[in-house]
Amino acid sequence: MKSNSYLDSLTRIAWAYLFLFLNLSANSRTVSVNLFPDWIGWLLIFQALPAIEKEERTAALLRPVVVLLGIFDAVNWIASLFTGKPLSLPLLQLIASVLTLYFHFQFLTDLASVASAHGLPRFSARLLHMRTAATLCSAVLSVLYYIGSLDALSGILLFFLIGVSLILAVWFPVSLFSFRNEERRRMFYRSSDAGQPNRETDPR
């Protein structure tokens, strides 16, 4: 049950990052709604945290951060649904941006630590690369938003940022699903080895 809970949590995390990085909106004359809202991603991560905390205790520090970010994004999403645009609260947006930076850095560090402890150095290194990419991307978008430059970006730069977001939206889930599959393989072989009799002591 414990291993299944851990693997299920990795699945939730992989889907969560798809929601966090993919921004696909449905537009009408008055309303623009993100079909992959961030709050679903935060909800999935919140559900995954208990199992991750058992593997890495420092992950418990992220619970209040995930709750705050989930509430903030849910309120923004509902506001967009009814008014056609998110709330204009620069100070709260700045706080949310800082919390998002902290979350990505700490959470992916924790996952890398788990991978290393489980004897998966290749995935540990990959998760650290993902941490750097997520932190940089979040920082750049936060700065552009806060100085009010997102709407004024040139076409080339805007398409570049959209391209980066799409790459992250594919790279993160694929890498996390691969990590989960490797963990499943590791658990299977470990359980198989545990079930084999000791040839030195087994009379058969």
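**Reading a pocket and a core**

Trainee: Which element gives the most to the lining of the second largest pocket?

Mentor: H3 gives the most, with 5 residues. Bear in mind that this is a predicted model.

Trainee: How is such a pocket found, and what volume does the second largest pocket have?

Mentor: Rolling a probe the size of a water molecule over the atoms shows where empty space is left. Here the second largest pocket comes to about 160 Å³. Two elements, helix H3 (63-83) and helix H4 (90-117), each give two or more residues to its lining.

Trainee: Which residues line the second largest pocket, and how many of them are nonpolar, polar or charged?

Mentor: The lining is made of Leu68, Leu69, Ile71, Phe72, Val75, Leu87, Leu89, Leu92, Ile95, Ala96 and Leu99. By class that gives 11 nonpolar residues, with no polar and no charged ones.

Trainee: Turning to the largest nonpolar core, which residues touch the most other members?

Mentor: Among its 45 residues, Ile13, Tyr17, Ile45, Phe103, Phe107, Leu111 and Leu127 do. Helices H1 (2-21), H2 (38-55), H3, H4, H5 (121-146) and H6 (155-195) each supply at least two residues of this core, and H1 gives the most, with 11.

Trainee: What is Phe107 in contact with, leaving aside its neighbours within four places in sequence?

Mentor: Phe107 is in contact with Ile13, Tyr17, Ile45, Leu49, Ile52 and Leu62.

Trainee: What pattern does the protein chain follow, and how much of it is buried?

Mentor: The chain has 6 helices and 2 strands, in the order α-β-β-α-α-α-α-α. Of its 204 residues, 39% count as buried. Among contacts with a separation of 6 or more, 71% join residues 24 or more positions apart.

Terms used:
Residues are numbered from 1 along each chain as its sequence is written. This is a predicted model: local features need pLDDT of at least 70, side-chain atom pairs count only at pLDDT 80 or more; totals for chains, interfaces and linings use all residues. Side-chain values use heavy atoms; hydrogens and water are left out. On a 1 Å grid over the protein atoms alone, a cavity is a set of points where a 1.4 Å probe fits but cannot get out, and a pocket is an open set with protein on both sides within 12 Å along at least five of seven lines; lining residues have an atom within 4 Å of a point. Grid points are joined across faces, edges and corners, and a volume is the space filled by probe spheres set on the points. Helices (H or I, at least four residues) and strands (E, at least two) are DSSP runs, numbered from the N terminus. Ala, Val, Leu, Ile, Met, Phe, Trp, Tyr, Cys and Pro count as nonpolar, Asp, Glu, Lys and Arg as charged, and the others, Gly among them, as polar. A nonpolar core is a set of buried Ala, Val, Leu, Ile, Met, Phe, Trp, Tyr and Cys residues joined through side-chain atoms within 4.5 Å. Buried means under 20% relative accessible area, exposed over 50%, partly exposed in between (1.4 Å probe, protein chains only). Contact means heavy atoms within 4.5 Å.
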